[in-house]
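Trainee: I'd like to learn how to read a fold from its coordinates. Can we walk through one together?

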Amino acid sequence: MERLNRYVVEHPWLFIGINVVITLIFAGFASGLIIDDDMMNYLPENDPVVETFQEVGDLFQGNAVGVVMVETDNVFTNEALQHIGSLTDLCTRVEGVSSVVSLTNVMDMRPDGDMLQVESLVEENRTYSDGELADLREYVMGKEMYAGNLVSEDGRFSLIMVKLASDADNKTVIAELEEIIDKTDGGQFRHYRTGTPFVAVDGDRSAKNDLRNLLPTVIFLVVAVLFLTFRTVRGTVIPAVAVVVSVVWAMGLLALTGQDLTTVGIAIPVLLIAVGSAYGIHVMSEYYATVRSEETKKEDLTQAMNQVGMPIFLSCLTTIAGFASLVTADLSPIKQFGLYTAFGVLAAFITAFTLIPALLAVLRYRPGVLREKSTSARFANMASGIFRNRAAVITVVAIIVIAAISQFPRLTFDTDLAGFFRPKSPTRIAIDLVNDNFGGANPLHVHIQGDMKSPFVLRQMQAVGDFLESVEAVHPISYATLIEEANHTINGPARIPATRNQVASLGLFLEGQEQVRDYLTPDYSQGLIVARVAETKSTKMAGINEQIRTFLDNLPTSAYVINQEIASGDLAELAEASLIESLTDEIAQQLWENPDSAHKQQVRIELVKLLDYSQPVFAQEYKLDIADTIEDNLSGENLWFELDNMSESQELAWEMFLQGATAEELAIGWEEVNPTCDPFDLEDAAYFLWDDLDWMYQTARQALLHTAASHLLAMGNKELSYDALAGTLRDIWVDEVYVTDLPASLAKDPAVRRDEFEVQLTGPPVVYEVTTARLQTSQWRSLSISLVLVALLLILQLRSLPMGLIACTPIVLTVLINFGTMAVTGIPLDVATTMIASVAIGTGVDYSIHFANRLRRALGQSGSLEASLQLTLGQVGRAITANALSVALGFLVLTLSSTVTIAQFGGLTALTMVVSAVLALVFLPALYAVTGSADFIAQSRKKEGVVR
């Protein structure tokens, strides 16, 4: 290093030129730096959680949902509805928006005779009367799909849900949406916007503002510290220029490699200025202490650089080791922070050892301000006090550390989406308002792969939806929800129909509706349950997610479908028993709050009556009416041809109807007794007759159904409509029965088929959960790596295993105290604060390095440990204090950040700098005094020349 230092001093303009050229190149790239902080990009693209999330987004028109909330005194006015409708229409027209749903365009289902009418809830450009507005309010507030979902319970807020296409440029789309919102804001309408895409853009803006405001502030503070330290212009300006140059290099490399700066990344330039300034302080301190005159400047400057070269180089290596350990993290912001900060530290070292000495070499020598020796004397006296009270010092520190460790159980890993922003920021206000009035805007997705026309699959989806609501994932909507609503609108019961054909029939009314695409793929093979959560803390989200996963793991995902028309024997009996049992439980729940066995028995009796009312039973009951109908249908007045044998034909018709035969079977039987008749005429006559008889049978069954429903309604204690109960009772006659278990012998019966599906939880809450989980592994991995690397470097530098480990002690204790402080203050380990330990190790260990290095030189000059400690503290006490003050103030600037987690990171890191400096100046001397350091002294004397 001595040869290189001499070459720099002798060729200063060469190194000044090299620094200028490199800086200009990096500055060109840095000017195009982009800030982008979308939490959905924190995990690697090939992460299974991310891949699933993206695949679901591609299937269902995107997964980034922005929320625009309109506030007014009363949503149910013509002015408000027109405003919401206009805003909805404008948002729909923005390129990159895949769908927009609001109160004014949400699809609404209403009965139209035997048909289902599907249209927008609010008619476009219609002026409602006061009475119509009151009716509309009552109708909307009575539907769960709208109340609390698209309009608040008090009618003051309305939501516009804006989904961005999976291939959209989110920033561009959000910019256009915000322009639309800003133009319509004010007056009687106030707007708030939130949701992941809006929050991501707000995070970007906060980061830009922080960078714009914090960078000049930290530069000012560092300059102030430099001036107070050296009291000269060159002692202030030269180190400041050098460290700013290192920031330009780091930011330029970041842009050159195609990286976007994250919110966490804004701390990089602030940190580099704070940390990098230390190298300049040490170089300038040695310059003023060593250089004697202009004539001896080059020789003295070379000697000064040699004196501080190795300690600063080792300090640089340990700092780089601390930051480089973050590159092993699983999250991209932490990787970015670690990699480019490590490069910036290297750049700060390079500029400190090339640009600073080169500038000093070309400038005429000027002595620094003569410092009072009282400062060194104070530190020397402090060393004596520490030596005499070394046991007490160690005891006090031990008590503090033990107290900190005792708080570790309270330490948490968490990522709080809302907590990133200050409580009074517009972003936080919007999040809180949506959480309070609509149950949140954070979408939770349950992805289903299976037959979306299967009643079993849809009913399981509804079961999932019901469970989601029980764990505060509100307003779950899926294709099953829409089918249930359609069935409720037309048929009465709010339930999934019993057969696939019934589901398919209702689905025809929904085909072509754009909003269905948010929940169903065009081929009916995949569906999505979409709920919303108000919780923004990942730890609590993880708890919710775990409950959901447990439920999904235990959810039956396959069922056997028995076709009762062709089932026979044991299979038919099993299907019938299963059908009765399931309907009994369902109807009992509809009728009674807490149904008991007696209630269920009453239901079962009515169901058995309905099931037993077969065609033969009906035929015996209405024998004369059936005979009259047969005679009337086959009479000459109604028959367009003449039968060969009228009496036998009538008798055959009666017998076959009694047996439950089909019209086709009757026509074949008639061919035998009427050989001269046209078979097609006989077939048509059979179908006409069977239609009439079936109508009579259905009418009789309906009358029996009415009696059963009325009887049960009279016994129940819950409010239930006749149509709803009758619709459920009618399922006793379905031709399909779903059972989850069948004996292997019956499962292979031709009357059996199998319906099954796959289910998976996804959505932003899952991504946040995994992000936090990766934080934990990243924390311990990077912490372990940084500690090991720093320990190895110190051992190599001090050439002693015990002394190297002793030098590591202050920084280990600093980390423990930091974790204890976080636990006491309730600050969680998140994407920013999880880096503090590695930053503290890499940066804070510098104080121990300088102390240990100076102590080693002092021990080479004196055999007395106390005298060596006095000499060491007298020499490095002021520099370490100034260094710690400079770095701590630099980090404290981050507390002014608009992002809470960055402010916490800055404050805690500043604290670790102070703690590590205090421990290096107080605890480390006490520890060396207690250990005696005999081996260390011997080795130091042997290698005194090398160290110097």
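Trainee: Let's start with a strand pair: which residue in β5 is the bridge partner of V100?

Mentor: First the idea: strands of a sheet pair through backbone hydrogen bonds, either parallel or antiparallel. Here, V100 has V162 in β5 as its bridge partner. Strands are DSSP runs of E with at least two residues, helices are runs of H or I with at least four, and both are numbered from the N terminus. Before we go on, this is a predicted model, where local features need pLDDT of at least 70 and side-chain atom pairs count only at pLDDT 80 or more, while totals for chains, interfaces and linings use all residues. Residues are numbered from 1 along each chain as its sequence is written, and side-chain values use heavy atoms, with hydrogens and water left out.

Trainee: How many bridges join β2 to β5?

Mentor: Two strands count as paired if DSSP finds at least two bridges between them. β2 and β5 (residues 157-164) run antiparallel and have four.

Trainee: And what is the strand order in the open sheet?

Mentor: The order is β2-β5-β1-β6, four strands with antiparallel pairing. β2 (97-101) and β6 (190-195) are the edge strands, each pairing on one side only. On average, neighbouring strands are turned by 20° against each other, direction ignored.

Trainee: Which helix lies across those strands?

Mentor: Helix α4 (residues 78-92) lies across β1 (64-71), β2, β5 and β6, at about 10° to β5. Axes are lines fitted to C-alpha atoms, for helices over the stretch in contact, and angles run from 0 to 180 degrees between N-to-C directions.

Trainee: At what angle do α2 and α8 pack?

Mentor: Helix α2 (residues 12-30) packs on helix α8 (residues 233-256) at about 45°, with the axes 7 Å apart. So α2 is oblique to α8: under 35 degrees counts as roughly parallel, over 145 as roughly antiparallel, 65 to 115 as roughly perpendicular, and the rest as oblique. Residues that meet there include F26 and F29 in α2, and W249 and M251 in α8.

Trainee: Last one: is T872 buried or exposed?

Mentor: Buried means under 20% relative accessible area, exposed over 50%, and partly exposed in between (1.4 Å probe, protein chains only). T872 sits in helix α31 (residues 865-892) and is buried, at 0%.

Trainee: What is T872 in contact with, beyond its neighbours within four places in sequence?

Mentor: Contact means heavy atoms within 4.5 Å. For T872, those partners are F851, R854, L855, A858 and G877.
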